[in-house]
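Reader: I am new to reading protein models, and I would like to go through one slowly with you. Could we take its features one at a time?

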Amino acid sequence: MENSLKLELIEKLLKVSEEQILLEVKSVLDQTFLDSKIPDEHYNVLLERRERAIKGESKHYSWKEIKAELLNK
């Protein structure tokens with residue numbers, strides 16, 4: 001049932017053309033994820049990493065690189 005509800009909502013969102021409705025949905029979803037069970041200190045680490053990535057201050061690894069590294073251990 002959960003997947004069918006998600007698909008229904010996605011289909012409805014694809015048909016929405018009013019930006020205000022989309023902004024309201026985004027706000028609700030953003031708030032939902034902010035209120036998740038991620039501890040504040042972990043969330044802050046993620047924000048810091050995101051900022052470094054945006055500024056190009058951190059190295060990114062592909063899934064292939066990560067997988068190879070793990071298999072070589």
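Reader: In which helix does leucine 70 lie?

Author: Leucine 70 lies in helix H4, residues 63-71, where helices (H or I, at least four residues) are DSSP runs numbered from the N terminus. This is a predicted model, in which local features need pLDDT of at least 70 and side-chain atom pairs count only at pLDDT 80 or more, while totals for chains, interfaces and linings use all residues. Residues are numbered from 1 along each chain as its sequence is written, and side-chain values use heavy atoms, with hydrogens and water left out.

Reader: Is leucine 70 buried or exposed?

Author: A residue is buried under 20% relative accessible area, exposed over 50% and partly exposed in between (1.4 Å probe, protein chains only). Leucine 70 has a relative accessible area of 53%, and therefore counts as exposed. Together with Tyr61, Trp63 and Ile66, Leu70 makes a nonpolar surface patch of about 490 Å²; for such a patch, residues need over 30% relative accessible area and no salt bridge, and nonpolar side chains (Val, Leu, Ile, Met, Phe, Trp, Tyr) are joined within 5 Å, whereas like charges are joined within 9 Å. The accessible areas come from the Shrake-Rupley method with a 1.4 Å probe, and for residues only the protein chains shown count as cover.

Reader: How many salt bridges are there?

Author: A salt bridge is a side-chain nitrogen of Lys or Arg within 4 Å of a carboxyl oxygen of Asp or Glu, and by this rule the count comes to three. One of them joins the side chains of lysine 26 and aspartate 30, at 2.6 Å from N to O.

Reader: Why can lysine 26 and aspartate 30 be separated by about one helical turn?

Author: An α-helix has 3.6 residues a turn, so residues three or four places apart point the same way. Lysine 26 and aspartate 30 are separated by about one turn because they are four residues apart in helix H2. Lysine 26 is partly exposed at 47%, and aspartate 30 is partly exposed at 35%.

Terms used
Helices (H or I, at least four residues) and strands (E, at least two) are DSSP runs, numbered from the N terminus.
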